[in-house]
Amino acid sequence: MTPVAWTPQRWRSRPADQQPDWPDLGQLDAARKELAGRPPLVFAGEVRHLTEQLGEVASGRAFLLQAGDCAESFDDLSADAIRDKLRVILQMAVVLTYGAGVPVVKVGRMAGQFAKPRSSPTEAVGDLTLPAFRGHMVNDDAPTTAGRQPDPGRLLTAYNHAAATLNLVRAFTKGGFADLSQVHSWNQQFVASSDEGRRYEQIAAEIDGALRFMAACGIDLGAEQSLHQVDFFTSHEALILDYEEALTRCDSLTGDWYDCSAHTLWIGERTRAIDGAHVDFLSGVRNPIGCKIGPSATVDEVLELCRRLNPDRIPGRLTFVTRMGATRAGDLLPPLFAAVANAGTPVVWTCDPMHGNTFTSAGGQKTRRFDDILTELRAFFAAHRAVGTWPGGIHVELTGSDVTECLGGDGQIGEDQLHLRYTTTCDPRLNARQAIDLAFRVAELLRT
Ligand code: PEP
Ligand code: CO
């Protein structure tokens, strides 16, 4: 029997986990049709450019920083919130560029990260059993029966929010906000403003020296475009396949299919079944794609994912995002790195040190310890060093504001402080200071 050729609809013949129970399929159909007529959010040329840059990461000549919210919120579409998140990511990128000594590819979990996979389809709230919150693309986080009803109209709202966010991100990253001297001066403020920050005085001073050296050589730091503008790419988990299918377009230049909802999409830990709909869908689009790899992944599964998702062995096409947990990463990672290296498939290996380290505090909040996050990162770098592969990047959940969701780090947040500013709609995020603290720690790891 000849296999059925890939189309953006072929996933419908495979088991699709984590899809909402839409109450009204007529409304879903109408939303899909409307989305299919909307302009693409990103363009094939930009996507190809990202694949090239990730190809550099796969070859050990660049480093990937992917960061942003666990779940973006429809209630938080302010210019300030977007600017502050972007600022933290840019600050981290400067520190990492210096630490790694190679370009840093910057990808936001932004402008589309609106859908969440859940471990359980329901949640007990008091005496009620409600459908779980699945991200604002699907339902509301408010714990009421009405709020948790999936609403296909949200697919269109998600598109609108993504478009508005992306518009601002494009303006900020090309319009001067990303100026290297300015980003560096924010880092200097961080270093000067706390005891934790002062640990990094030396790295900050070295970056400062490098900038002054360039200026002394006659490079006009304000006029040099590469120091003034940055490439910034968007990403989200390709979870709700009705949405992704509707935004998938055929590129008129090449005849290839691109999922134009974001520059790069990833497959989550819960939907990476080899014969499942998500792997099938992303196997056919030409975007660079990611796949989360958790503790249950076997060497055979990972090798099969390479064959399905990157049969042509294109560098930059496939990123594996490992999320093993601090205590297990050291044992689980080396065999995977070695097997993929032996198979000769180019991949980017990046470390998500967040999702294997979540627990519930005594006060009932989901949280993560900064030290566990660091321990997993250390294990990731050590495993690469042992196997001789390139630690390609980090993938973290953060926000630009002063939330109290993760424990420890700069500011030493304790369990008794979690309730103060706990605003995430899903997983706990690093706040701005914790995120910059983390970037300096990773820079130290990269330099040793
Ligand atoms: C996430 O990235 O928010 C997420 C749900 O991760 P994972 O699929 O690794 O659990
Ligand atoms: Co998350």
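Trainee: Is Glu 405 buried or exposed in this structure?
Mentor: The model is a predicted one, and Glu 405 lies in the loop between strand S14 (393–397) and H13. A residue counts as buried under 20% relative accessible area. Glu 405 has a relative accessible area of 0%, so it is buried.

Trainee: How many aromatic pairs does a search of the whole structure find, and what is the geometry of the pair of Tyr 200 and Phe 440?
Mentor: The search finds 11 aromatic pairs. In the pair of Tyr 200 and Phe 440, the ring centres are 4.4 Å apart and the planes make an angle of 10 degrees. Planes under 30 degrees apart count as stacked, so the pair of Tyr 200 and Phe 440 is stacked.

Trainee: How many residues apart in sequence are the parts that this pair ties together?
Mentor: Tyr 200 lies in the loop between helix H6 (195–198) and helix H7 (201–216). Phe 440 belongs to helix H13 (residues 432–447), so the pair ties together parts that are 240 residues apart in sequence.

Trainee: Are Tyr 200 and Phe 440 buried or exposed?
Mentor: The relative accessible area of Tyr 200 is 0%, and that of Phe 440 is 1%. Because the limit for a buried residue is under 20%, Tyr 200 is buried and Phe 440 is also buried.

Trainee: Which residues form one aromatic cluster?
Mentor: Rings pair if their centres lie within 6.5 Å. The residues that form one aromatic cluster are Phe 320, Phe 337, Trp 349, Phe 380 and Phe 381.

Trainee: Over the ring of which residue does the charged end of Arg 87 sit?
Mentor: For a charge to sit over a ring, the charged atom must be within 6 Å of the ring centre. The charged end of Arg 87 is 4.9 Å from the centre of a ring, and that ring belongs to Trp 186.

Trainee: How many charged residues does the shell around ligand 1 have?
Mentor: The residues that surround ligand 1 include Cys 70, Arg 109, Lys 116, Trp 266 and His 355. By class, the shell has 3 nonpolar and 2 polar residues, and its charged residues number 7.

Trainee: What part of the accessible area of ligand 1 does the protein cover?
Mentor: An oxygen atom of ligand 1 is 2.7 Å from an N or O atom in the side chain of Arg 323, and an oxygen atom of the ligand is 3.0 Å from an N or O atom in the side chain of Glu 397. A polar backbone atom of Glu 269 is 2.9 Å from an oxygen atom of ligand 1. On its own, ligand 1 has 300 Å² of accessible area, and the part that the protein covers is 98%.

Trainee: Where is Pro 117 found, and how far is its C-alpha atom from that of Leu 239?
Mentor: Pro 117 is one of the residues that surround ligand 1, and its place is in the loop between S2 and S3. At 12% relative accessibility, Pro 117 is buried. Pro 117 and Leu 239 are 122 residues apart along the chain, and their C-alpha atoms are separated by 7.3 Å.

Trainee: What separates the C-alpha atoms of Gln 113 and His 136?
Mentor: Gln 113 is in the loop between strand S2 (104–109) and strand S3 (122–125). With 0% relative accessibility, Gln 113 counts as buried. Along the chain, Gln 113 and His 136 are 23 residues apart, and the separation of their C-alpha atoms is 9.1 Å.

Terms used
Residues are numbered from 1 along each chain as its sequence is written. Chains are lettered from A and ligands numbered from 1 in the order in which they are written. This is a predicted model: local features need pLDDT of at least 70, side-chain atom pairs count only at pLDDT 80 or more; totals for chains, interfaces and linings use all residues. Side-chain values use heavy atoms; hydrogens and water are left out. Rings of Phe, Tyr and Trp (its six-membered ring) pair if their centres lie within 6.5 Å; planes under 30 degrees apart count as stacked, over 60 as edge-to-face and the rest as tilted. Helices (H or I, at least four residues) and strands (E, at least two) are DSSP runs, numbered from the N terminus. Buried means under 20% relative accessible area, exposed over 50%, partly exposed in between (1.4 Å probe, protein chains only). A charge sits over a ring if NZ of Lys or CZ of Arg is within 6 Å of the ring centre and within 35 degrees of the ring normal. A residue is near a molecule or strand if one of its heavy atoms lies within 4 Å of it. A polar contact is a pair of N or O atoms within 3.5 Å; within protein, one must be able to donate a hydrogen and the other to accept it, and residues adjacent in sequence count only if both atoms are side-chain atoms. Accessible areas come from the Shrake-Rupley method with a 1.4 Å probe; for residues, only the protein chains shown count as cover. Ala, Val, Leu, Ile, Met, Phe, Trp, Tyr, Cys and Pro count as nonpolar, Asp, Glu, Lys and Arg as charged, and the others, Gly among them, as polar.
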